[in-house]
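This report covers selected helices and aromatic contacts of one protein model. Please have the sequence and coordinates open while reading.

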Amino acid sequence: FPFTMFFGLQYYMKSYLAGQQVTEEKIQEAKEFYAAHFGNADYFNEEGWRYILEKHNGYLPIGIKAVKEGSIVPIKNVLYKIYSTDPKCGWLVNWCETLLMKMWYNITVSTNSMAAREIIDYYHTMSGVTSAPQFMLHDFGYRGVASEEQAWLGGACHLLSFAGSDNVAGIRMLMKYYAAPMCGYSVAASEHMVMSITGREGEIATYKRILASMRVGVVSLVSDTYDVYNLCEQASSDPEFKELILSRDGKFVIRLDSGDPIEVIEKCLGILEAGFGATINEKGYKTLNPKIGLLQGDGISLHSMSNIIQYFVEHKKWSIDNFVFGSGGKLLQDRKST
């Protein structure tokens, strides 16, 4: 990218740097640890840490100057600098640097999600739709990260550009450290366990039961446990199933979770268009009946999402509001381009 979005410094400051960080107990613990670690009791800077305890009551004499969080900054610029406010504690800067170098993660996820939002906004305008773009890339990443803190940080970063998230940790991080109100939203949804609980023969009945009990709002059901094309056919042709969809006060979202995304989406769109109809807006783009839509929740990265949108909007003239995307590992964990 030619730019980065700067975010997350306040979390590290409040969590690890603010308040009384140096105590007698911590000094004694560190002395023992580093004596064993180095095999030399003289390497630990007890004098320096004790000076901070006595002179500054254990508060770190550190200053940080940084660009405003949430800023979009061209690359090759300084984003923040660390300095000591006490001439005798210049050595402390390096300790803080080791901690704050981890800001790369927040910056990377924030920038990635911002770039995804720019793509969605571009095609949103192109295809002339009025749906909410902030809900078009959903955070499915909680289960795909390496730790709770990564879910906490990465989930918060995504919410700078989008409002759809199943990552409760990220929402709570923004509430706790940035005084945010509720800033991440989700819908009633299912997983494969729910849809397979009655076996293949009972799958359609399970869909009907869920739709009959959830009459208002968006409901998103994973649909490829057995055969997603059959599911779309049944939804389009079974009178009871179809009526449950059309009579709801909300949208039924079919979640696609396997296969080649473009191939699967294209075939499902064809079945649903034949069954539920589609309209063409004033810019010439097709939109399915607003009671039904698709969510691609497998294999979504910045690049794969862009390719899918480009194919269907530019080449097939489907408006972008036919789709929602969910991303997990590629959103918060894997930084490789795919």
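## Basis

The model is predicted, with local features requiring pLDDT of at least 70 and side-chain atom pairs counted only at pLDDT 80 or more, while totals for chains, interfaces and linings use all residues. Residues are numbered from 1 along each chain as its sequence is written, and side-chain values use heavy atoms, leaving out hydrogens and water.

## Helices

Helices (H or I, at least four residues) and strands (E, at least two) are DSSP runs numbered from the N terminus. Helix 5 covers residues 103-126, which is 24 residues. From first to last C-alpha helix 5 reaches 35 Å, close to the expected 34 Å, where the expected span is 1.5 Å times one less than the number of residues. Glycine 128 follows helix 5 and has a positive phi, near 65°.

The axes of helix 12 (residues 261-276) and helix 13 (residues 302-315) come within 10 Å and cross at roughly 40°. Helix 12 is therefore oblique to helix 13. Angles under 35 degrees count as roughly parallel, over 145 as roughly antiparallel, 65 to 115 as roughly perpendicular and the rest as oblique. Axes are lines fitted to C-alpha atoms, for helices over the stretch in contact, with angles from 0 to 180 degrees between N-to-C directions.

## Aromatic pairs

Rings of Phe, Tyr and Trp (its six-membered ring) pair if their centres lie within 6.5 Å; planes under 30 degrees apart are stacked, over 60 edge-to-face and the rest tilted. The count by this rule is 24 aromatic pairs. Tyrosine 11 and tyrosine 12 form an edge-to-face pair, because their ring centres are 5.3 Å apart and their planes stand at 75°.

Tyrosine 207 is buried at 0% relative accessible area, and phenylalanine 241 is buried at 0% relative accessibility.

## Charges over rings

The charged end of arginine 117 sits over the ring of phenylalanine 162, 5.9 Å from its centre. Lysine 267 has its charged end over the ring of tyrosine 229, 4.2 Å from the ring centre. The criterion is NZ of Lys or CZ of Arg within 6 Å of the ring centre and within 35 degrees of the ring normal.

## Strand 8

Phenylalanine 252 lies in strand 8 (residues 252-256) and is buried at 0% relative accessibility.

Definitions and conventions. Buried < 20%, exposed > 50% of the residue type's maximum accessible area, 1.4 Å probe, protein only.
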